[in-house]
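This briefing is intended for reading alongside the sequence and the coordinates. Its points are grouped by topic.

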Amino acid sequence: MKNPINQSTFKRRMREYQKRPASFVMFILVMLCACVTVLSFVFLVGYLLYKGIPNISWDLFALNYNSENVSLLPSLINTVTITFLALSVSGPTGIFAAIYLVEYAKKGNKLVKLMDLTSETLSGIPSIVYGLFGMLFFVVALDWGFSVLAGACTLAIMVLPLIMRTTQEALRSVPAEFREGAFGLGADKVRVIFKIVLPPAVPGILSGVILAVGRIVGETASLIYTAGTVAEIPESLFSSGRTLAVHMYALFNEGLYIEKAYATGVVLLVIVCAMNLLSNYVAKKLTR
Amino acid sequence: MIKFELKDLEVFYGDFQALKGIDMKIPANEITAFIGPSGCGKTTFLKCLNRMNDLVEGCRVYGQVTLDGEDIYNDYDVNLLRKRVGMVFQKPLPFKMSIYDNIAFGPRTHGIRSKSALDEIVEQSLTQATLWDEVKDRLNMDALSFSGGQQQRICIARALAVRPEVLLMDEPTSALDPISTGKIEEVVMELKKKYSIVIVTHNMQQAVRISDKTAFFLLGEVIEFGDTEKLFSVPKDKRTEEYITGRFG
């Protein structure tokens, strides 16, 4: 078999490295860091699966929670509900706000500066502060009580800057020539935005939405003070309900069902993976 | 016959004056070439003809521009204007979609929905841009996967698909090899029969090869405007002579 002359063999590479020790050190360093990254993730997931899978049982998916079955199904349903509600508020708002910033606002516009400042500040605030605000405003001032709705609204505010920022980046990376070309053919602004600018930006926007889903699904601090910790399927949007992450927190806190908490962790992991796969699939469908 | 008539056209970008009071009459069914050094206002002038300057922030236009006697800056539907006055840009960049959808974007914008009508327009436009035979079996491929010269001709076909009366071309061959350039020039010569064409070029041989009239721009002013043959053989102005003989620019 012939060897391609442009690809170096292991031996040749080693000889190269002998001449340049600095690049050898660099090679080892980056390899090591890559290994640490992969291993820590593999270890974490492996440990969780090892602890969690033996504890998964049909009981965990019972319709009603009691201290015997420690069912996670109500929390699962709450997680999906709250994610859906929060995204249906923050998704369109964030995306349209970004469209305003990128496509409509003029340079040096005061509103733009204000939005940049607030979105930057908001994305750096610890989530417990959102929880406090949510409790004072939605729970107390609007008198919604601890409720799924209050929790979803709080989380919507929390992920709004994230969605807006990523959409802004996605829109900015669409070449100006696309807009110029479309305007040059006599298309109006609405058509340019929806037919020319948004389609290539969809993958970027979706990656922002995925990040937002991750934050919502993993959120505990702000939900405890807004959605409460009742482990039942809520009767309405105004009843309290815990999400999976809050459920895990509660199980750990009580200290009685640690094994079940691991099992819940596995379910949470599966859900997050499934959501990522789904959105990747949607992104591919949409951009084709 | 006169297509465009411009009176005392002045353009500013912020404090910078890009065009300094230009009067010009652009004839119909001829090729008019704009030559001159970079940054002398050729593209700015071109973009005044289909109001693309409206989209540039801080750009102010003064004076009067008429198309077939109608003032295009006074209460004129800008989308209709851009349908009548098509443009091919310097950087050939088709939209991120199939060739077919690229060409059909313009007609669809102006309300043509029927599949058979669109098919016909796509074939006709691509044929006019001498691209049909190369791509007829690949109409569903992403337009961005084609070569630079092909992309430029896709952009020309895209502009032709809305059936404009005037075609503005901003250095359409500056990024292309000689063979693609030759093809584009053939296309332009062919189009002259039906369209009025205004072309900005840095290539003086190109201006000589294809244009009927030439305008020489310098620092925001038109130094000389006339028949291409005359301008290149017996230039009236000393600066024109210096530029076309390559002594500056």
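In this predicted model, helix α6(B) crosses helix α7(B) in a right-handed sense. Helix α6 covers residues 148-160 of chain B and helix α7 covers residues 178-191 of chain B; their axes lie 10 Å apart, at an angle of about 15°. Because angles under 35 degrees count as roughly parallel, α6(B) is roughly parallel to α7(B).

**Packing of α6(B) with α7(B)**

- On the α6(B) side, the contact is formed by B:G149, B:Q152, B:R153 and B:I156, and on the α7(B) side by B:S180, B:K183, B:I184 and B:V187.
- Sorted by class, the contact of α6(B) with α7(B) comprises three nonpolar, three polar and two charged residues.

- Helix α6(B) is mostly covered, with 12 of its 13 residues buried.
- The buried residues of α6(B) include B:R153, B:I154, B:C155, B:I156, B:A157 and B:R158.
- Besides α7, the partners against which the buried residues of α6(B) pack are β6 (85-88), α3, α4 (115-128), α5 (132-135) and β7 (166-170) of chain B.
- The 13 residues of α6(B) should span 18 Å at 1.5 Å a residue, and the end C-alpha atoms are 18 Å apart, so the two values agree.

**Helix α2 of chain A**

- Helix α2(A), residues 21-52, has 32 residues that should span 46 Å at 1.5 Å a residue; its end C-alpha atoms are 46 Å apart, in agreement with that expectation.
- Helix α2(A) is hardly covered, since the count of buried residues among its 32 residues is one.

**Contact between chains A and B**

- Chain B contributes 20 residues to the contact and chain A contributes 17 residues.
- On the side of chain B that touches chain A, α2 (78-84) and α3 (99-109) of chain B each supply at least two residues.
- The most is given by α2(B), with four residues.
- By class, this side of chain B holds nine nonpolar, five polar and six charged residues.

**Residues with positive phi**

- Most residues other than glycine have a negative phi.
- B:D75, although not a glycine, has a positive phi of about 55°.
- B:D75 is located in the loop between β5 (70-71) and α2 of chain B, and B:D75 is exposed because 6 other C-beta atoms lie within 10 Å.
- B:L219 is likewise not a glycine and has a positive phi of about 50°.
- B:L219 is located in the loop between β9 (213-218) and β10 (221-227) of chain B, and B:L219 counts as partly exposed because it has 15 C-beta neighbours inside 10 Å.

Key: Residues are numbered from 1 along each chain as its sequence is written. Chains are lettered from A and ligands numbered from 1 in the order in which they are written. This is a predicted model: local features need pLDDT of at least 70, side-chain atom pairs count only at pLDDT 80 or more; totals for chains, interfaces and linings use all residues. Two residues are in contact if their C-beta atoms, placed from the backbone, lie within 7 Å. Ala, Val, Leu, Ile, Met, Phe, Trp, Tyr, Cys and Pro count as nonpolar, Asp, Glu, Lys and Arg as charged, and the others, Gly among them, as polar. Axes are lines fitted to C-alpha atoms, for helices over the stretch in contact, and angles run from 0 to 180 degrees between N-to-C directions. Angles under 35 degrees count as roughly parallel, over 145 as roughly antiparallel, 65 to 115 as roughly perpendicular and the rest as oblique. A crossing is left-handed if the near helix is turned anticlockwise from the far one by less than a right angle, and right-handed if clockwise. The expected span of a helix is 1.5 Å times one less than its number of residues. A residue is buried if 20 or more other C-beta atoms lie within 10 Å of its own, exposed if 12 or fewer, and partly exposed in between; C-beta atoms are placed from the backbone.
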